[in-house]
Amino acid sequence: MFLGSYLYTLIFSPLELLFEFIFSIANKLTGNIGVSIGFLSLTVNLLCLPLYNRADKLQAEERDIQAKMAHAVKHIKKKFKGDERFFMLQEYYRINHYKPIYALKSSFSLLLQIPFFIAAYNLLSNMKSFQGMPFGFISDLGKEDAMFMIGNFPVNVLPILMTLINIVSGIIYTKGHPLKAKIQVYGLAAVFLVLLYHSPSGLVFYWLLNNVFSLAKNIVYKTKKPKIVLYSIFAVAGVI
């Protein structure tokens with residue numbers, strides 16, 4: 001309990017205050033809740049861009065090392081068992097100046113998202129100014145969008161759209177990556193869908209915009225002709 005409170009005070013609370021400050025400034029300037037959410041998303045993503053770029057480099061380095069050692073590690077696991085396998089792997093890692101804990105680098109991007117998600121969730125899911133406020137096709141930013149119903153089950157378009165964008169972004173980002181990395185990305189998209197499906201539209205809209213920013217970043221960094229891809233996506237979005 002003490003550890004959780006300490007982490008909240010040290011990490012999450014300052015992030016919440018930063019988010020609230022940015023949102024308040026944007027709302028004073030624009031007078032529009034939806035536009036302010038967009039401004040918050042864009043500002044946070046721009047501030048975090050150096051961190052995400054560094055995380056991508058660490059992940060790329062880890063993938064290269066894993067690929068370099070893969071053949072030898074596979075051979076050791078095939079030829080040896082039990083303690084002998086363990087010590088052989090430890091010795092091989094030592095020779096290559098590698099420690100198994102370095103594998104956490106491949107999850108650094110995921111770990112980086114956690115404090116920002118928790119801070120945004122705590123702030124935006126309880127934002128009183130969202131209550132009763134419409135924006136575009138969203139009738140109330142303080143409630144789930146519930147565009148239509150199937151029986152008694154609300155079909156929320158925003159979290160579904162958010163997940164589709166996340167998956168497309170993941171396909172681009174994980175091109176050429178091992179299956180483990182792809183499962184991690186798609187699994188995370190599914191987790192966010194479950195967590196945010198019944199959340200207030202304002203919060204889901206914020207995270208949807210984060211995914212749009214991530215998609216644009218992946219297109220610029222990962223595709224050979226980013227302008228053509230971006231123009232195509234904007235054209236499709238415009239038609240829709």
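Reader: Where is F137 found, and is it buried or exposed?

Author: This is a predicted model, and in it F137 is found in the loop between α4, residues 108–124, and β1, residues 148–150. Exposed means over 50% relative accessible area. Since F137 has a relative accessible area of 53%, it counts as exposed.

Reader: Which residues make the nonpolar surface patch, and what is its area?

Author: F137 is one of the residues in the patch, and the others are M147, F148, I150 and F153. Together, these residues make a nonpolar surface patch of about 520 Å².

Reader: In which loop is A146 found, what is its phi, and how accessible is it?

Author: A146 is found in the loop between α4 and β1, and its phi is positive, at about 40°, although A146 is not a glycine.

Reader: Where is H97 found, and what is the value of its phi?

Author: H97 is found in the loop between α3, residues 82–95, and α4, where it counts as exposed at 70% relative accessibility. H97 is a residue other than glycine, and its phi is positive, with a value near 55°.

Reader: How far does helix α6 reach from its first C-alpha to its last?

Author: Helix α6 runs over residues 179–196 and has 18 residues. At 1.5 Å a residue, a span of 26 Å is expected, and the helix comes close to this, reaching 26 Å.

Reader: Which residues of α6 are buried, and what arc do they cover around the axis?

Author: The buried residues in α6 are V185, A189, F192 and L196. An α-helix has 3.6 residues a turn, so residues three or four places apart point the same way.

Reader: How many helices and strands does the protein chain have, and what pattern does it follow?

Author: The protein chain has 8 helices and 2 strands. Of its 240 residues, 35% are buried. Read along the sequence, the elements of the protein chain follow the pattern α-α-α-α-β-β-α-α-α-α.

How values were computed: Residues are numbered from 1 along each chain as its sequence is written. This is a predicted model: local features need pLDDT of at least 70, side-chain atom pairs count only at pLDDT 80 or more; totals for chains, interfaces and linings use all residues. Side-chain values use heavy atoms; hydrogens and water are left out. Patches are made of residues with over 30% relative accessible area and no salt bridge: like charges are joined within 9 Å, nonpolar side chains (Val, Leu, Ile, Met, Phe, Trp, Tyr) within 5 Å. Accessible areas come from the Shrake-Rupley method with a 1.4 Å probe; for residues, only the protein chains shown count as cover. A salt bridge is a side-chain nitrogen of Lys or Arg within 4 Å of a carboxyl oxygen of Asp or Glu. Helices (H or I, at least four residues) and strands (E, at least two) are DSSP runs, numbered from the N terminus. Buried means under 20% relative accessible area, exposed over 50%, partly exposed in between (1.4 Å probe, protein chains only). The expected span of a helix is 1.5 Å times one less than its number of residues.
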